[in-house]
Amino acid sequence: MHKFLVAGLFSLIFFWTNPNFAKSLDGLYFSERLSTENGYLILGIEIFTEKGNSFYNAQELRFQKSRGWEEVLFVGKVTRDGQDLILVPEACQIRATETWGKKMALLRRFDCDHLEFRLGPFGPGPLVLSESLLGTWKDVSMPYVLDHHPGDPVAIRFDAPQITTEGIWGFHLNGLGGKDPEKSWNPSKRIWEPFQGYRSQPGLQFYRWKRTFSN
């Protein structure tokens, strides 16, 4: 099981009811699994507010057949431009491992404050990010929007032939120690429900663990 931690405290309460940002800007969003030339990627964005200012964590899980696994991690500020959000990174890094399940090592840090990402409604459908973190995909749809509580570890679970068991990867995970999730996300009802076993179904599945001191 992959161990992952994005440092920082945050406050996230999200009730998205329409594409016009009538409610809080805060939220947790995920893309689908997106095919690339040599593998695939999954993109997640967490927008949160601290002391009246908006910030974000963005992370991209990438698999490439020739290189194995990478995580791209961006942290930065959020501003608004009309109905769109502008995401400007302040710190960026890439971690990597050849084998799923092993701790990812820091590959490199790089300057990224010249970059800018736009997250907007672009119509009645899902939110769209102007591009993935390394520019592999343009106009990335973010169809998964989760109700999120402060400090809760949340992750996706997905099937992949390159790993021996289903992948568990997401925000605020740090050594789950083989513990089962506390909640499962029901996308049709848009609520968290008590965990009753992992589901066998296509697409991404979302789970929430109970927060512990180690998280």
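Me: How many helices and how many strands are there in the chain?

Reply: Helices (H or I, at least four residues) and strands (E, at least two) are DSSP runs, numbered from the N terminus. In this chain there are zero helices and 16 strands. The model is predicted, so local features need pLDDT of at least 70 and side-chain atom pairs count only at pLDDT 80 or more, while totals for chains, interfaces and linings use all residues. Residues are numbered from 1 along each chain as its sequence is written, and side-chain values use heavy atoms, with hydrogens and water left out.

Me: What is the mean pLDDT of the chain?

Reply: pLDDT is the predictor's confidence in each residue, from 0 to 100. Here the mean is 82, and 81% of the residues reach 70 or more. Over residues 1-22 the pLDDT is below 50, and this stretch has 78 contacts in the model beyond near neighbours in sequence. A contact means heavy atoms within 4.5 Å.

Me: Which share of the contacts with a separation of 6 or more comes from residues 24 or more positions apart?

Reply: Such residues account for 54% of those contacts in the chain.

Me: How much of the chain counts as buried?

Reply: Buried means under 20% relative accessible area, exposed over 50%, and partly exposed in between (1.4 Å probe, protein chains only). Of the 215 residues, 49% count as buried. The chain exposes about 10,900 Å², and carbon and sulfur atoms supply 50% of that area. Accessible areas come from the Shrake-Rupley method with a 1.4 Å probe; for residues, only the protein chains shown count as cover.

Me: How many salt bridges does a search of the whole structure find?

Reply: Side chains of opposite charge can pair when their charged atoms come close. A salt bridge is a side-chain nitrogen of Lys or Arg within 4 Å of a carboxyl oxygen of Asp or Glu. The search of the whole structure finds seven. One of them joins Arg62 and Glu60, with the closest N and O atoms 2.6 Å apart; Arg62 and Glu60 are both buried.

Me: Which residue forms a salt bridge with Glu90?

Reply: Lys77 does, with 3.8 Å between the closest N and O atoms. Glu90 lies in strand S6 (residues 84-97) and Lys77 in strand S5 (residues 68-81), so the pair ties together parts that are 13 residues apart in sequence. Glu90 is partly exposed at 49% relative accessible area, and Lys77 is partly exposed at 45%.

Me: Is Lys189 buried or exposed?

Reply: Lys189 counts as exposed, at 54% relative accessibility. The side chain of Lys189 meets that of Glu193 in a salt bridge (3.6 Å, N to O). Elsewhere, salt bridges that share partners join Asp81, Asp84 and Arg118 into one network.
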